[in-house]
Amino acid sequence: MDMEALSVDDYESVRASRRLDARSGVVTLNAMMEAWEALVQDVEEGFDAELVWEYPQMLRCRAWLAEAWPGFTDRIRAERQAELEALDARFELATVPLHGQADKAKWHSRRPLRIVGDTSLELPASWCL
């Protein structure tokens with residue numbers, strides 16, 4: 001993204017997203033995009049069974065993006081939309097819907113397809129098929 005070409009409104013829309021910081025403890029759009037990318041990669045590679053109970057907390061980065069997205073300017077959204085959609089698509093391929101959810105469930109209603117590590121650990125009931 002060409003940062004010099006951004007307008008004052010673009011910068012203000014990104015700063016306005018900081019209103020979510022009190023709840024999420026996260027400061028920037030870039031940090032949340034990086035956190036989402038890291039989680040997607042972890043899910044693709046196989047999600048560690050010992051972290052299943054932390055998974056909803058890990059999804060907070062995507063929840064933050066969903067909540068903050070409408071507040072960004074059209075320019076900021078346009079610059080980052082393809083990246084977000086690509087991450088979402090990768091996530092969808094590496095996950096399955098939670099028990100009882102539709103096949104096209106959104107990120108908050110999906111779980112990793114591949115679980116690695118100690119698979120004898122108890123899984124959340126919604127993860128069982």
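Colleague: What should I know before I start?

Modeller: The model is predicted, so local features need pLDDT of at least 70 and side-chain atom pairs count only at pLDDT 80 or more, while totals for chains, interfaces and linings use all residues. Residues are numbered from 1 along each chain as its sequence is written, and side-chain values use heavy atoms, with hydrogens and water left out.

Colleague: Which residues are buried in helix α5?

Modeller: Buried means under 20% relative accessible area, exposed over 50%, and partly exposed in between (1.4 Å probe, protein chains only). In α5, residues 60-68, the buried ones are Cys61, Arg62, Trp64, Leu65 and Ala68. They line one face of the helix, because they fall within an arc of 155° seen down its axis; the arc is that of the directions from the helix axis to the C-beta atoms.

Colleague: At what angle do α3 and α5 pack?

Modeller: Axes are lines fitted to C-alpha atoms, for helices over the stretch in contact, and angles run from 0 to 180 degrees between N-to-C directions. Helix α3 (residues 29-45) packs against α5 at about 135°, with the axes 8 Å apart.

Colleague: Which residues meet there?

Modeller: Contact means heavy atoms within 4.5 Å. Leu29, Met32, Met33, Ala35 and Trp36 of α3 meet Cys61, Arg62, Trp64 and Leu65 of α5.

Note on methods. Helix = DSSP H or I, 4+ residues; strand = E, 2+ residues; numbered from the N terminus.
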